[in-house]
Amino acid sequence: MTQAIVLIELFTEELPPKVLQKLGASFAKNIFDQLAKQQFVAADVKFTEFATPRRLGVSIPNVLAIQPQQHIERKGPAVASAYKDGQPTPALTGFAKSCGVAIDQLEKMSDGKQDVFVFRSTKPGASLDAILAGVVEAALKQLPAPKLMRWGDGDVQFMRPVHGLIMLHGSRVVPGEVLGLKSGNTTYGHRFLSSGAIAIPSADQYESILETKGSVIASFTKRRDKIAAQLKPHLAQEVDSVLLDEVTALVESPAVYVGTFDPAFLAVPQECLILSMKQHQKYFPITDASGKLQPRFAVISNVPTATPQEIIHGNERVSRARLGDAQFFYQQDKKNKLADRVEKLGNVVYHNKLGSQLQRVQRLQKLAGEIARKLKADEAEAERAAYLCKADLLTDMVGEFPELQGIMGRYYALAQGVAPQIADA
């Protein structure tokens, strides 16, 4: 039987970056599992998944063009109870009718407990052409899609508008329609570094042609490894794997460039600067071996170039504005004492059955004092720490970055002369 590589690619608008890796893995595995279940490919074959901001795909080797001959075996009623007064029971006649044969064409076999009637037959295997579009449609329905949308004047739904479909078996286009699109052998490359449709003459050339003619690294893993390798010389500590996955999902042809910012911003707690760079700009902050932030950052661009100065300068301008916001929030927050914010926590709901954040603080204060007495620790310091522990919820910085709650409280407490043992509690 003819075997060849099957290539599936769905070309779309930009997919959600935070779930792209999961989407790509799910899409590839769902298609492979269905083909393996229907015996078009061996279950131990290794497939390759593709996922970029604008495409999901999979390459599966050694896929049959025709499914193997199917052997059908259906068990029927027990022989001992299949006749009554010499006449076949309704159970037996109904079983034969459902199989499309006469009773005398049924066979008998033992199922380990008793003899039963059995129907055996064979039928030709289905063709890949007949089932592949359905397999792809089924795989799409199983994706962990956050939301579905419609576009144009049709009723087709997917998480983003879809513009192209490739279904190849070797060099042959497998006919079929998915999400209203007919299968072909053309795709599109990088949004800025290529132009026009790119023909894929055979499934085994997909990845290489897309990279050479389209400036796209289709493999999520290869893009991530390339980014990590380019980041390594600049980072003294381990790469943030969550951020690495997210930026990998934002680019098709990655390049790492390093920008700088004004060292004056380092007067702001570095947790604020790091969070601002990661969350808002997807930059990698650069620290020394001890973890101290340096006035530099790495940016992942989608445009490799020998003259990246404009890209770097543009990101530095954006960075200056973002870090300026953090600096402003920090300076404004320091103008008000933490203790002056506590009473206002009465306007912040903690839980609809547990009251406000102020009531929560009062409970914490009481508990802290009781625990301190039992441990023979300083009761007043424990109660003071509990009294101040949620005050930073009302600061601008924590409003902008909720993840900094507690961290900023310590900074503000120390800046306002609160004893270190209380601020660190």
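Q: Beyond its neighbours within four places in sequence, which residues is Gln281 in contact with?
A: Contact here means heavy atoms within 4.5 Å. Leaving aside neighbours within four places in sequence, the residues in contact with Gln281 are Ser276, Val318 and Arg322.

Q: Before we go on, what kind of model is this, and what should I keep in mind?
A: Residues are numbered from 1 along each chain as its sequence is written, and side-chain values use heavy atoms, with hydrogens and water left out. Local features need pLDDT of at least 70, side-chain atom pairs count only at pLDDT 80 or more, and totals for chains, interfaces and linings use all residues, since what you have here is a predicted model.

Q: Is Gln281 buried or exposed?
A: Gln281 lies in helix H7, residues 270-281. Helices are DSSP runs of H or I with at least four residues, strands are E runs of at least two, and both are numbered from the N terminus. Buried means under 20% relative accessible area, exposed over 50%, and partly exposed in between, with a 1.4 Å probe and protein chains only. Gln281 has a relative accessible area of 19%, so the word for it is buried.

Q: What relative accessibility does Ile286 have, and which residues does Ile286 touch?
A: Ile286 sits in strand E18, residues 284-287. Not counting residues up to four places away in sequence, it touches His234, Leu235, Val258, Lys292, Leu293, Gln294, Arg296, Phe297 and Ala298. Ile286 counts as buried because its relative accessibility is 0%.

Q: How many Å separate the C-alpha atoms of Gly314 and Gly259?
A: Gly314 belongs to helix H8, residues 309-333, and counts as buried at 18% relative accessibility. Gly314 and Gly259 are 55 residues apart along the chain, and their C-alpha atoms are separated by 9.4 Å.

Q: Where is Gln39, and what is its phi?
A: Most residues other than glycine have a negative phi. Gln39 is in the loop between helix H1 (20-37) and strand E2 (48-52), and it counts as partly exposed at 41% relative accessibility. Although Gln39 is not a glycine, its phi is positive, at about 65 degrees.

Q: What about Ser215: where is it, and what is its phi?
A: Ser215 is placed in the loop between helix H4 (206-214) and helix H5 (220-231). Its relative accessible area is 21%, so Ser215 is partly exposed. Here too a residue other than glycine has a positive phi, near 55 degrees.
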